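Overall figures for the protein come in a table at the end.

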Amino acid sequence: MARYRFIHAFLLIALQLLSSLGDPFGDDFGDPSVDEVLEAESHLQEDVQDVEDVQDQDGDVIAIPEQLPSCIRDDGTAPAVHAAFYLWYGNIETDGRWMHWDHKVLPHWDPKVDELHRKFSWQPPDEPHSTFYPEKGTYSSANNETLHAQFQELRQAGIDSAMCSWWGRKDWEGKRDDADSGANTDVLMPQVLEAAATAGVYVSFHIEPYGGRTPETFLEDLKYIFREYGKHPAIFREGPQERPIFWLYDVSAQHSLSEVAQWRAVLDAVRGTELDAIFLCLWIGTGGGREDLRFLTEGGFDGAYTYFAAEGFTPGSNTKSWQDVSERLKKIGKIFVPSVGPGYDDTRIRPWNKHNIRLRKDGASYDRMWSAALRSRPHAISVTSYNEWGEGTQIEPAMKHRSAKGEFYPSYSPQEHTYYLDITRYWSRTFKEGQCRDSVAKNEL
């Protein structure tokens with residue numbers, strides 16, 4: 001832990017020096033001082049030592065970190081951190097086939113670019129589709145032991161809810177997941193909820209663009225989810241009305257402007273009923289955010305999240321815009337949730353996308369995004385991701401691996417294998433403590 005604290009402090013010193021010289025995105029993120037870092041890291045060390053005994057699915061006693069302290073803000077909500085959580089992985093041992101780890105190389109829309117890249121499917125377990133290799137191996141999302149271990153790690157990282165990637169009802173016939181593997185994420189939800197409950201973590205639903213999704217099918221999804229899972233204690237609920245959160249991926253001004261009236265009709269229909277919830281659309285940020293703001297308000301959404309972990313990949317993922325977006329949404333009573341991530345590299349499935357690689361820089365990139373997120377004083381923060389291995393955004397532990405054919409998969413060295421879980425916990429605690437201090441100060445005025 002001492003080594004971790006020294007390295008992290010050193011990285012933030014270097015980050016501050018770079019900022020003083022002018023950072024590549026033209027913004028000073030106001031990183032914390034080294035003294036503040038070391039003070040916060042002492043809290044992190046205490047977090048690692050303060051553990052709670054719980055029973056796992058086999059009845060064995062395990063020790064996991066205690067939940068981070070929090071508070072209730074003036075609007076009756078508590079500051080929360082959410083993490084994108086993917087359930088589309090499968091392997092021979094558990095599922096009888098590979099799912100997602102054998103992702104194919106995707107085509108480019110320009111034939112001239114596309115012809116430069118060989119097309120094939122990756123060959124797990126020796127050569128999965130990811131740029132890192134999971135410490136747990138090429139696991140199955142249906143494996144109970146894996147699920148319980150993952151939710152214990154989410155608890156360790158100070159995550160409040162796993163934003164479960166959900167690709168339609170279990171009996172829905174249509175496209176499931178972007179690898180076309182047919183992974184049925186809904187079938188796994190009972191296992192997921194039990195693993196979450198054991199670890200003391202909650203679950204929210206990240207509604208993906210499954211084949212045939214429309215505002216009307218989402219209304220049926222909503223009825224189904226509330227009927228099947230709505231009473232489970234592991235469902236994340238927020239505020240005095242205890243409303244769950246639904247993250248609507250690819251529902252945005254860019255993707256769904258022609259459906260804005262239908263979305264408004266669907267959301268209006270559930271307001272004040274047992275199906276009411278917090279509905280967040282995707283904030284792309286085109287046109288200075290004007291189109292997104294119009295879509296959000298006309299569609300009747302409660303707010304928006306940015307999702308993308310690659311700094312500047314979309315205007316909405318450009319961190320220097322977050323403070324302005326947060327303030328604009330607050331003025332109209334809407335929620336802003338910036339999404340932070342440790343880096344981005346999807347070049348094993350999109351080899352033509354090297355220009356969008358965002359290096360981790362031993363955690364400095366993650367620190368920068370978190371620092372910017374905190375400065376925007378958002379309602380909540382989301383992490384992209386816990387385990388999106390194909391895009392290299394994961395905070396789940398990785399290990400070094402070289403395949404028989406020479407494909408190299410790095411670890412997080414020189415950092416420890418749990419580095420990104422630990423630093424997520426630090427930033428989660430910093431966010432929550434800051435929100436609580438602001439709430440107390442406001443009430444004392």
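Contact here means heavy atoms within 4.5 Å. Axes are lines fitted to C-alpha atoms, for helices over the stretch in contact, and angles run from 0 to 180 degrees between N-to-C directions. Helices (H or I, at least four residues) and strands (E, at least two) are DSSP runs, numbered from the N terminus. The model is predicted, with local features needing pLDDT of at least 70 and side-chain atom pairs pLDDT 80 or more, while totals for chains, interfaces and linings use all residues. Residues are numbered from 1 along each chain as its sequence is written, and side-chain values use heavy atoms, with hydrogens and water left out.

Helix H5 lies across strand E3 (80-85), strand E5 (161-166) and strand E6 (202-207). Its direction is at about 150 degrees to that of E3. H5 covers residues 144-156, 13 residues in total, and spans 18 Å from first to last C-alpha. That is close to the expected 18 Å, where the expected span is 1.5 Å times one less than the number of residues. At the N-terminal end, Asn143 caps H5, with a side-chain oxygen 3.0 Å from the backbone nitrogen of Glu145. Just after H5, Gly158 has a positive phi of about 75 degrees. The buried residues of H5 (buried: under 20% relative accessible area, 1.4 Å probe, protein chains only) are Thr146, Leu147, His148, Gln150, Phe151, Glu153, Leu154 and Arg155.

Strands E3, E5 and E6 belong to an open sheet of nine strands, in the order E10-E9-E8-E7-E6-E5-E3-E12-E11, with parallel pairing. Two strands pair if DSSP finds at least two bridges between them. At the edges are E10 (335-337) and E11 (339-340), each of which pairs on one side only. E10 runs parallel to E9 (residues 303-305), and three bridges join the two. In one of these pairings, Gly303 has Ile335 of E10 as its bridge partner.

Asn356 counts as buried because its relative accessibility is 10%. Apart from neighbours within four places in sequence, Asn356 is in contact with Ala310, Phe313 and Tyr344.

The table gives figures for the protein; accessible areas come from the Shrake-Rupley method with a 1.4 Å probe.

| Property of the protein | Value |
|---|---|
| Helices and strands | 13 helices, 15 strands |
| Buried residues | 57% of the 445 residues |
| Accessible surface | about 18600 Å², 51% of it from carbon and sulfur atoms |
| Contacts between residues at least 6 apart in sequence | 74% join residues at least 24 apart |

Note on methods
Buried < 20%, exposed > 50% of the residue type's maximum accessible area, 1.4 Å probe, protein only. Polar contact = N/O pair within 3.5 Å; in protein donor to acceptor, adjacent residues only side chain to side chain.
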